[in-house]
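Subject: Structure for you to look over

Hello,

Here is the structure I said I would pass on. My notes on its pockets, its ligand and its cavities follow below.

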Amino acid sequence: MEYTLATAPLTPRFALLPGRYYSIVTPSPLPDPQLLAWNAALAGQLGLAADPAAHPRLAELLAGNLLRYERPLASVYSGHQFGQWAGQLGDGRAILVLELSDIDGRIQEIQLKGAGLTPYSRMGDGRAVLRSSIREYLCSEAMAGLGIPTTRALSLVGSNEPVWRETRETAAVVARVAPSFLRFGHFEHFYHRGEPDAVRELADWTIAHFYPDCAAAASPYLALFEAVRDRTAAMIADWMAVGFCHGVMNSDNMSMLGLTLDYGPFGFLDGFDAGHICNHSDHHGRYAFNQQPQIGLWNLACLAQTLVNLVDVEPLRAALDGYQTVFEAAYAERLRRKFGLTEWREADWPLFTRLLELMQAAGTDWTIFWRDLSRPAGQARLRDQFVDRDAFDIWLADYQARLAFDPRAPAEREAAMLAANPRLVLRNHLAETAIRKATDGDASEIDRLQRALARPFDDDAEFDDLAGPAPDWAASLSVSCSS
Ligand code: AMP
Ligand code: MG
């Protein structure tokens, strides 16, 4: 073998399941691949040498051109898209090539997204364009930097291979990393095909590898559902706290591990708008920013349905009904941290909703507001961010009065708030700038953004230019499902 991996690649555990869950498929070579981004920190975590020069023919390896994978596979899943049953989908352009044990002993899958046709490509070409691949690469790492559960991105390989979307673009491959890419849709697939044994086998596999604690529960499958519910609620609460809008919360894009998965037409809020729709193709706003918590519930109902042959219906329904409470508790916990409080009280909700009304009326920048609220110098600037400044003065006085009941010392609170309210998120225009440069042959901004987004809570002067509000031209950017 001509490559040097510090650790021996493993055959994916998923490939040891029976064949009904996947097809063995070879990645399609991508001509003349170029390594545009390499995530040295993640490489180190995976036990790979951080320096890309240490890996001969790395770009070819990460494009899927070197036939060295033992059982590369594409998995089959189904799902509900925009509220409708869509039938069979599957990994149409992502190929699971290997597993590694990371330096902490956690097993991680590596998928090549955009690696060519699979039996599940349907009408697609199996490719991903450079534009969307840069967005996935950067957002995975931005979310990880924010401490939000997500799939990761190890590398980005570009090429001159033409790919047609609305216009001619070029093909790219992201190597993405997660303990598993298992989706609600995997369960839906076998349930709707009338194969309860396959659902059971998949649930057993999921418990054995990812939820071992559930095995000891009185009802392991119910415990599994509750655990997935809790992680989903926590993930969406994280999204709401940082102003992240996923854009395509179809049930096939929902991770069984509660990871943010399948970055497409996502967006971070610039100016606050509760009903913000980041996906240009989402005409009815099904996946608008403020719909996300209840869409999480809707998707969990799809998952619960697949378990009806394994779990009594009443406790399953009760577990689903519990989502609202779990979500609210998770959200309150994040708001508690954003406001710098040591305890969240019931009476804090109206303080928050009054703030949202003021922000909605003014389109106040979500990220900058919270960062400024975190320290006195910032607070002094805030009233200019509101239309009704007198109303904001009253709100701020009420907030400060609330803080007077909180035992934490101001300096300690400030530090806690600065660790909860990021300075940097992957605003659309930042990704767009990196995309435009890379399209013109200069990939350096991808690396710079990734380094900045890995430390989004730091006040690093090197990245001051990334911390401002969106420029006017950002308003004309539109992102759709076509990627
Ligand atoms: P997404 O909206 O990216 O989550 O994709 C939904 C489904 O379409 C999944 O089954 C994808 O694998 C598939 N898909 C999306 N784009 C392509 C493509 N270019 N080629 C093949 N399959 C695709
Ligand atoms: Mg998807």
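The largest pocket holds about 840 Å³ of space. It is lined by 37 residues, and those closest to its centre are R93, R122, D262, C481 and S483. Please keep in mind that this is a predicted model.

By class, the lining of the largest pocket splits into 12 nonpolar, 13 polar and 12 charged residues. Two elements, α3 (130–145) and β10 (168–178), each contribute at least two residues to this lining. Of the elements, α3 gives the most, with three residues.

What takes up the space of the largest pocket? Ligand 1 does. Around ligand 1 there are 16 residues, and the closest of them are G90, G92, R122, D125 and G126. This shell is made up of two nonpolar, seven polar and seven charged residues.

- R122: 2.7 Å between an N or O atom of the side chain and an oxygen atom of ligand 1.
- D125: 3.0 Å between an N or O atom of the side chain and a nitrogen atom of ligand 1.
- R93: 3.2 Å between an N or O atom of the side chain and a nitrogen atom of ligand 1.

Taken alone, ligand 1 exposes 480 Å², and 83% of that is buried by the protein.

Now to the cavities. Rolling a probe the size of a water molecule over the atoms shows where empty space is left. How many cavities of 30 Å³ or more are there? The count comes to five.

The second largest cavity has a volume of about 90 Å³. Its lining consists of F14, L73, S75, D91, L96, E109, Q111, S180, F181, L182, R183 and H186. By class, these are five nonpolar, four polar and three charged residues. The strands β3 (73–75) and β7 (107–113) each supply at least two residues of the lining of this cavity.

Regards

Technical notes. Residues numbered from 1 in each chain as written. Chains lettered and ligands numbered in written order. Predicted model: local features only at pLDDT ≥ 70, side-chain atom pairs only at ≥ 80, totals over all residues. Heavy atoms only, no water. Near = heavy atom within 4 Å. Polar contact = N/O pair within 3.5 Å; in protein donor to acceptor, adjacent residues only side chain to side chain. Areas by Shrake-Rupley, 256 points an atom, 1.4 Å probe, with all protein chains shown as cover. 1 Å grid on protein atoms, 1.4 Å probe; cavity = no way out; pocket = protein on both sides within 12 Å on 5 of 7 lines; lining within 4 Å. Sits in = over half its atoms within 2 Å of the grid points. Nonpolar A, V, L, I, M, F, W, Y, C, P; charged D, E, K, R; others polar. Points joined across faces, edges and corners; volume = space filled by probe spheres on them. Helix = DSSP H or I, 4+ residues; strand = E, 2+ residues; numbered from the N terminus.
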